Amino acid sequence: MQILDKAITPDGIEIELRDLSGKHKLPDYNGMEIVVRTIAKKTFPPNKGWYAQKGKEFHSCICCYKNYTSDMLKADYEALKNGTKSLADLKAHFWNHQRDWFVLGL
């Protein structure tokens, strides 16, 4: 794994651009990801919170997969950095899909 860049978005979310191409051999996976560190807006599962707890740090990632290429991901990373896109704009690419959307309040 290689960390290519670290930043904080204008709304205070820590992000990293990572290259995992040498480590993962999954079908249709293009080897890049954006790691997201923020505060959970909701607890999942509700009333248990073994995955995420409201008000506590939460980590997730946006991955290159199938038709979402490394170039597209890099452009979206830059858009997150400069505030022209938000996590809600990229929700279709979250690794844990609806579970992450719920925790992040998207």
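Biologist: What makes Cys64 count as buried?
Modeller: This is a predicted model, and in it Cys64 has a relative accessible area of 0%. Buried means under 20%, so Cys64 qualifies.

Biologist: How many disulfides does the structure hold?
Modeller: The structure holds zero. Take Cys63: the nearest cysteine sulfur is that of Cys61, 3.5 Å away. A disulfide needs the two sulfurs within 2.5 Å, so Cys63 is in no disulfide. For Cys64, the nearest cysteine sulfur is that of Cys63, at 7.7 Å.

Biologist: Is Cys63 buried or exposed?
Modeller: Cys63 is buried, because its relative accessibility of 6% is under 20%.

Biologist: What makes Lys6 and Glu16 a salt bridge?
Modeller: Their closest N and O atoms are 3.9 Å apart. The limit is 4 Å, so the pair counts. Lys6 sits in strand β1 (residues 2-8) and Glu16 in strand β2, ten residues apart, so the pair links distant parts of the chain.

Biologist: How do you know which of these two is buried and which is exposed?
Modeller: Lys6 has a relative accessible area of 57%, and exposed means over 50%. Lys6 is therefore exposed. Glu16 is at 4%, under the 20% limit, so Glu16 is buried.

Biologist: Why is the pairing of Arg18 and Glu16 called both a polar contact and a salt bridge?
Modeller: A 2.8 Å polar contact joins their side chains, and the polar contact limit is 3.5 Å. The closest N and O atoms of the salt bridge are 2.8 Å apart too, within the 4 Å limit. Both names therefore apply.

Biologist: What makes Arg18 and Glu33 a salt bridge?
Modeller: Their closest N and O atoms are 3.7 Å apart, and 4 Å is the limit. Arg18 lies in strand β2 and Glu33 in strand β3 (residues 29-39), 15 residues apart. Both residues are buried. Arg18 itself has a relative accessible area of 15%.

Biologist: Which residues are linked in a network of salt bridges?
Modeller: Lys6, Glu16, Arg18, Glu33 and Arg37 are. The structure holds seven salt bridges.

Biologist: How do you know that the buried residues of helix α2 are on the same side?
Modeller: The buried residues of α2 (residues 97-104) are Asp100, Trp101, Val103 and Leu104. They cover an arc of only 165° around the axis, so they are on the same side of α2.

Terms used
Residues are numbered from 1 along each chain as its sequence is written. This is a predicted model: local features need pLDDT of at least 70, side-chain atom pairs count only at pLDDT 80 or more; totals for chains, interfaces and linings use all residues. Side-chain values use heavy atoms; hydrogens and water are left out. Buried means under 20% relative accessible area, exposed over 50%, partly exposed in between (1.4 Å probe, protein chains only). Helices (H or I, at least four residues) and strands (E, at least two) are DSSP runs, numbered from the N terminus. The arc is that of the directions from the helix axis to the C-beta atoms. A polar contact is a pair of N or O atoms within 3.5 Å; within protein, one must be able to donate a hydrogen and the other to accept it, and residues adjacent in sequence count only if both atoms are side-chain atoms. A salt bridge is a side-chain nitrogen of Lys or Arg within 4 Å of a carboxyl oxygen of Asp or Glu.
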